[in-house]
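Notebook open, structure loaded. I'm jotting things down in the order I looked them up.

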Amino acid sequence: MNKRKRKAVIAGNWKMNMTPDEAVAMINELRPLVKGKRGCEIVLCVPAIDIPAAVKAVKGSRIKIGAENVHFEEKGAFTGEISAKMLLTCGVEYVIIGHSERRQYFGETDETVNKRVKAALNAGLKVILCVGEVLAQRDLGITGEVLSMQTKIALQGVTLDQLKNLIIAYEPVWAIGTGRVATPDQADEGNGVVRKTVEALYGKAAAEALTIQYGGSMNEKNAAELLGKYNVDGGLIGGASLVAAKFAAIVDAAQ
Ligand code: PEP
């Protein structure tokens, strides 16, 4: 398949940054910078508290708003959690699931990632599923096995039809927030493993059509080279997504 036929998606992950006022100011700065940039979908995944302000601020633009997590139950005694329906009714389109920081600091497992993915897709959210190896796994030479296992478990029970609302982000954990970016070849190779795994589960056509992002210290300087790789269809961007000019430059690189 021609890579150009796949949907390129540039998504920001703000993590625990930005008050609602700061969110609106950043979006107001970003809007004119990305106007008319139709070569990729543009998503900002923001803290839950920022969602209403951010949804209002992007109205009339092509920027979509995402959340950074979602709970797998529909409602009930889950203090501090947010359901897919709550996100949807606030105007959220995307949700990040399985980010390594959730896995590392908040007890997220492959099994709970799978539950969240199914709940989000069943409710009608678009999912950005994160997979990635830690440095010790890379050093052991088991990156491929780790990516394949995380992908397979996360997608258990997900139908072929639901894949159209799924993006996978390959994020080597050692490259997240460290400034240590994967080489373009490493990114292409990791994304390629994810694509092969999806092919084994759903067939070649589905795997070739799937948007697979790279994430891990992507910035305005290295984006073009990373995004030029055959298997890299976009980026999930942390630090550089907090600055309108930097994020817009990455969007430019995806055109
Ligand atoms: C991320 O949070 O998913 C990420 C890739 O962060 P950073 O770009 O800061 O490495």
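This is a predicted model: local features need pLDDT of at least 70, side-chain atom pairs count only at pLDDT 80 or more; totals for chains, interfaces and linings use all residues.

I started in the loop between β1 and α1, which is where M18 lies. Residues are numbered from 1 along each chain as its sequence is written, and side-chain values use heavy atoms, with hydrogens and water left out.

M18 has phi near 85°, a positive value in a residue other than glycine. Is M18 buried or exposed? M18 is buried, as its relative accessible area is 19%; buried means under 20%, exposed over 50% and partly exposed in between, with a 1.4 Å probe and protein chains only. K15 sits in the loop between β1 and α1 (20-34). Phi of K15 is near 55°, also positive in a residue other than glycine.

**The barrel.** Next I traced the strands. Eight of them close into a barrel, in the order β1-β2-β3-β4-β5-β6-β7-β8, with parallel pairing. Neighbouring strands of this sheet are turned by 25° against each other on average, direction ignored. I count two strands as paired if DSSP finds at least two bridges between them.

β1 (residues 9-13) pairs with β8 in the parallel sense over four bridges, and G12 has I237 as its bridge partner in β8. On to β2 (residues 41-45): β1 pairs with β2 over five bridges, in the parallel sense. There, N13 has C45 as its bridge partner. Helix α11 (residues 244-253) packs on the sheet and touches β1, β2 and β8; its direction makes about 160° with that of β1. Such angles run from 0 to 180 degrees between N-to-C directions, and axes are lines fitted to C-alpha atoms, for helices over the stretch in contact.

**β8 up close.** Side chains in a regular strand alternate between the two faces of the sheet. In β8 (residues 234-237), G234 and L236 point one way while G235 and I237 point the other, and all are buried. β7 (residues 211-215) runs parallel to β8, joined by two bridges. Y214 is the residue opposite G235 in β8.

**C45.** I went back to C45, which is in strand β2. C45 is buried, with a relative accessible area of 0%. Which residues does C45 contact, leaving aside its neighbours within four places in sequence? C45 is in contact with G12, N13, W14, G66, A67, E68, I96 and I128, where contact means heavy atoms within 4.5 Å. I also checked C45 against V198: 153 residues apart in sequence, 24 Å apart in space, C-alpha to C-alpha.

**Cores.** I then looked up nonpolar cores, meaning sets of buried Ala, Val, Leu, Ile, Met, Phe, Trp, Tyr and Cys residues joined through side-chain atoms within 4.5 Å. The largest has 68 residues, and L44, L129 and L166 have the most contacts inside it. A second, separate core of eleven residues includes A11, C45, I167 and L236.

**α7.** What should α7 (residues 143-154) span? The expected span is 1.5 Å times one less than the number of residues. For the twelve residues of α7 that should be 16 Å, and the end C-alpha atoms are 16 Å apart, which agrees. Buried in α7 are T143, V146, L147, S148, Q150, T151, I153 and A154. The buried residues of α7 pack against several elements, including α4 (100-105), α5 (110-123) and β5 (126-131).

α5 and α7 pack with their axes 8 Å apart, at an angle of about 45°. That makes α5 oblique to α7; under 35 degrees counts as roughly parallel, over 145 as roughly antiparallel, 65 to 115 as roughly perpendicular and the rest as oblique. The residues that meet are D110, E111, V113, N114 and V117 in α5 and M149, Q150, I153 and A154 in α7.

**E199.** Last stop: E199, in helix α8. E199 is partly exposed, with a relative accessible area of 23%. Its contacts, leaving aside neighbours within four places in sequence, are K204 and A207.
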